[in-house]
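Subject: A structure to look through, with notes

Dear colleague,

The sequence and the model come first, and my notes come after them.

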Amino acid sequence: MTAPIHILITGASSGIGEALALLYAAPGITLSLSGRDAQRVAAIAHACREKGATVDAQVMDVTDQNATEAWVLARDDAAPLDLVIANAGISGGTAGIEGGTAASRGRHIFDVNLGGVLNTVLPVIPRMRARRRGQIALMSSLASFRGIGGAPAYS
């Protein structure tokens, strides 16, 4: 298998997503990066360009199915995606939620951490199958192995 040339990463503006973007950034590499925070997305895109990568940076919320699908397919149209990393995610417990209930916070965590993954990968699977190449990586947390009492929806 050849090394990926076009890599899409959601949640690329901080944490693991940022680290992956910086790791992959190099001449000849195209990065399609998304995140919710415009300043952080711009900063990571700039840092990756400084390392020689071609970067498309998008401020986006992966819970928006139509916008996420449109962006993923547009990026695949620009150049076939070799690797899609569905990394966007949020953590947090259900105690002490401002402006919401434990149930609403739990639903939001599921919308981002599960719905966002589906919104990211489902549009590109048929294309990758048709061309018989491409990889999809899904991020998870160690909390899936040992739950966190105050964060059941996250765990």
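The notes below go from the whole chain to its strands, then to one helix, and then to a few single residues.

Please keep in mind that this is a predicted model, in which local features need pLDDT of at least 70 and side-chain atom pairs count only at pLDDT 80 or more, while totals for chains, interfaces and linings use all residues. Residues are numbered from 1 along each chain as its sequence is written, and side-chain values use heavy atoms, with hydrogens and water left out.

The chain as a whole

The chain has five helices and five strands, where helices (H or I, at least four residues) and strands (E, at least two) are DSSP runs that are numbered from the N terminus. Read from the N terminus on, the order of the elements is β-α-β-α-β-α-β-α-α-β. Of the 155 residues in the chain, 37% are buried; buried means under 20% relative accessible area, exposed means over 50%, and partly exposed lies in between, with a 1.4 Å probe and protein chains only. If one takes the contacts (heavy atoms within 4.5 Å) between residues at least 6 apart in sequence, 66% of them join residues at least 24 apart.

The strands

Two strands are said to pair if DSSP finds at least two bridges between them. Strand β1 (residues 6-9) pairs with β4 in the parallel sense over three bridges, and isoleucine 9 has isoleucine 85 in β4 as its bridge partner. β4 also pairs with strand β5 (residues 135-138), again in the parallel sense and over four bridges, with leucine 83 standing opposite glutamine 135 in β5. Within β4 (residues 83-86), Leu83 and Ile85 point one way and Val84 and Ala86 the other way, and all of these are buried.

β2 and β3 pair in the parallel sense as well, over six bridges, and serine 32 has aspartate 56 in β3 as its bridge partner. Together with α2, these two strands make a right-handed β-α-β unit; right-handed here means that, with the strands pointing away from the viewer, the path from the first strand over the helix to the second runs clockwise.

Helix α2

Val41, Ile44, Ala45 and Cys48 are the buried residues to look at in α2. They cover an arc of only 105° around the axis, which puts them on the same side of the helix, the arc being that of the directions from the helix axis to the C-beta atoms. As background, an α-helix has 3.6 residues a turn, so residues three or four places apart point the same way. The buried residues of α2 pack against α1, β2 (30-35) and β3 (54-59), whereas Gln39 and Glu50, on the other side of α2, are exposed.

Just after α2, glycine 52 takes a positive phi of about 100°.

Single residues

Which residues does methionine 60 contact, leaving aside its neighbours within four places in sequence? They are Ser34, Gly35, Arg36, Ala67, Thr68 and Trp71. Methionine 60 is found in the loop between β3 and α3 (65-78), and this residue is buried, with a relative accessible area of 8%.

Asparagine 119 lies in helix α4 (residues 102-121) and is buried too, with a relative accessible area of 12%. Not counting residues up to four places away in sequence, asparagine 119 touches several residues, including Val62, Asp64 and Glu69.
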